[in-house]
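We'll hop from one stop to the next, with a note on what to look for at each.

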Amino acid sequence: MIVKPVIRDNVCMTAHPVGCASLVEDWVGRARASAASMAEAARAAGKPLPKAVLVLGCSTGYGLATRVTAAFSCGARTLGVSYERGPGAEATASPGWYNNRAFDREATAAGLYSCTLNLDAFSDAAKSAVIHQARVDGLKFDQVIYSLASPVRRDPRTGILHKSSLRPIGKPFSGVTVDPFTGIMSEVSIEPGDEEKIAGAVKVMGGEDWELWVEALAEAGVLARNCVTTAYSYIGPEHSYPIYRYGTIGRAKEHLERTAPALTARLADVHGSAYVSVNKALVTRASSVIPVIPLYMVSLFKTMKEMGLHEDCVDQIQRLYRDRFLAPGAIPVDEAGRIRLDDRELRYDVQEETTRRMREATEANLAELTDLEGYRRDFMQAHGFDVPGVDYSADVSLM
Ligand SMILES: NC(=O)c1ccc[n+]([C@@H]2O[C@H](COP(=O)([O-])OP(=O)(O)OC[C@H]3O[C@@H](n4cnc5c(N)ncnc54)[C@H](O)[C@@H]3O)[C@@H](O)[C@H]2O)c1
């Protein structure tokens, strides 16, 4: 079948199997190229490289970049969990499904252990399956990475399906957004979320499930001594606080952040610790559906690229490992105990220039003033399209 992108409401319904595989190969190559410097950082810090890493949300975006870094920069055995759609007779699989296959292929070829489970990570069944697999294969995780992004979560205790939505709290939020595919700018207004919406976001994207995972893994004895667990978060610039940090999703991220010290206490018997890592805004399947954010992102990308500061998921996670996990002494954190990889994004000069671009942007100057093209390319590539060297006119197997 010849696979083409089908995009509706900023969601791409198709994925290109060869393009996805090619992008994973590219990420693997980049991770491999830094293996020597990663080993050197570990040696200089007197810290071991991770040997066994569990990545929850391993198939795309930050989770995939983490798995690739753990395996190919550090030589770790990786177990990944994600929830992806397989292919049908006429329908492509989701990009993460193809990415997982490409990752497993690359790992096997390199002689690295990898096991990928396609399961609802919020379920008890997923936790039991990981524990079973870890016991069978003799894995004791020295890192557990929590990189799930989902609009829904079924609570395994009650069976209730909770929904997360992105809303301001208290009053409506209005802002200018851009459709990255048409370049059309418009004013959007989002009604505030009530207590039910806040509770839904916290239930899905807060720390409850992270805690259930750590509890189950610790209880089963599959965590190594000095185990580190890390969940990813976002804060963003002040002008987005009403819709993000002070909104429903911000409440969820605050809950996630409050969960970290409780998990560190839970892991005391294995000398473990839990961190939240605040990462940079990037185009992933999860972030591309956030309203208003595209105008900020295209302005930010242009600014950071011009200043030589831009990073993608792999660059961010490489920095997480080399400069944070493998830093000499304690892992560097901010005053609230969080790892900060958004330090460059939130630099005063970066934000000042990004804000200027957002203020001056019109449909006529958008192409020069912002990185609309880079955003589009990142979005397409996250679905296996627009990847250099891939023949998109060729017939491909959806399997
Ligand atoms: N993209 C950004 O700009 C950004 C910035 C900072 C932090 N983050 C955070 O990073 C984390 C990952 O986000 P991302 O942008 O990489 O998202 P993504 O959409 O690329 O990845 C989400 C992952 O979660 C998995 N997943 C979703 N529901 C699942 C379920 N029920 N069971 C198992 N797996 C499931 C998906 O399969 C996928 O592997 C999130 O916590 C997000 O808030 C993202």
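Select Tyr 321 to begin: Tyr 321 counts as buried because it has 23 C-beta neighbours inside 10 Å. For the cut-offs, a residue is buried if 20 or more other C-beta atoms lie within 10 Å of its own, exposed if 12 or fewer, and partly exposed in between, with C-beta atoms placed from the backbone. Tyr 321 belongs to helix α10, residues 313-325. Helices (H or I, at least four residues) and strands (E, at least two) are DSSP runs, numbered from the N terminus.

A word on what you have loaded: this is a predicted model, where local features need pLDDT of at least 70, side-chain atom pairs count only at pLDDT 80 or more, and totals for chains, interfaces and linings use all residues. Residues are numbered from 1 along each chain as its sequence is written.

Stay on Tyr 321 and show what surrounds it. Apart from its neighbours within four places in sequence, Tyr 321 is in contact with Met 38, Thr 69, Ser 73, Cys 74 and Leu 326. In contact here says that the C-beta atoms of two residues, placed from the backbone, lie within 7 Å. Now put a distance label between the C-alpha atoms of Tyr 321 and Met 38: they are separated by 7.8 Å, though the two residues are 283 apart along the chain.

Next, select residues 61-73, which is helix α3. α3 has 13 residues and reaches 17 Å from its first C-alpha to its last, close to the 18 Å expected at 1.5 Å a residue; that expected span is 1.5 Å times one less than the number of residues. How many of the residues of α3 are buried? The count is 13 of its 13. Just after α3, click on Gly 75, which takes a positive phi of about 75°.

Bring up the ligand now. 29 residues surround the ligand, and the closest are Gly 57, Gly 61, Ser 82, Ser 150 and Thr 284; a residue is near a molecule or strand if its C-beta atom, placed from the backbone, lies within 6 Å of it. Which elements supply at least two residues each to this shell? They are α3, β4 and β11, and α3 gives the most, with 3 residues.

7 strands form an open sheet in the order β5-β4-β3-β6-β11-β12-β13, with parallel pairing. β5 (114-118) and β13 (339-340) stand at the edges with a single partner strand each, so one side of each is left without a neighbour in the sheet. Strands pair if DSSP finds at least two bridges between them.

Select β3, residues 52-56, where 5 of its 5 residues are buried. In a regular strand the side chains alternate between the two faces of the sheet. Both faces of β3 are covered: Ala 52, Leu 54 and Leu 56 lie on one side, Val 53 and Val 55 on the other, and all are buried. 5 bridges join β3 to β4, and the two run parallel.

Follow that pairing across: Leu 56 stands opposite Val 81 in β4. Val 81 sits in β4, residues 77-82, and counts as buried because it has 25 C-beta neighbours inside 10 Å. Beyond four places in sequence, Val 81 is in contact with Leu 56, Cys 58, Leu 117, Leu 119, Ala 121, Ala 126 and Val 130.

Last stop, two residues for your backbone check. His 271, in the loop between α8 and β12, has a positive phi of about 55° although it is not a glycine. Is His 271 buried or exposed? His 271 is exposed, with 10 other C-beta atoms within 10 Å. Asp 386, in the segment after α13 (372-381), also is not a glycine and has a positive phi of about 60°.
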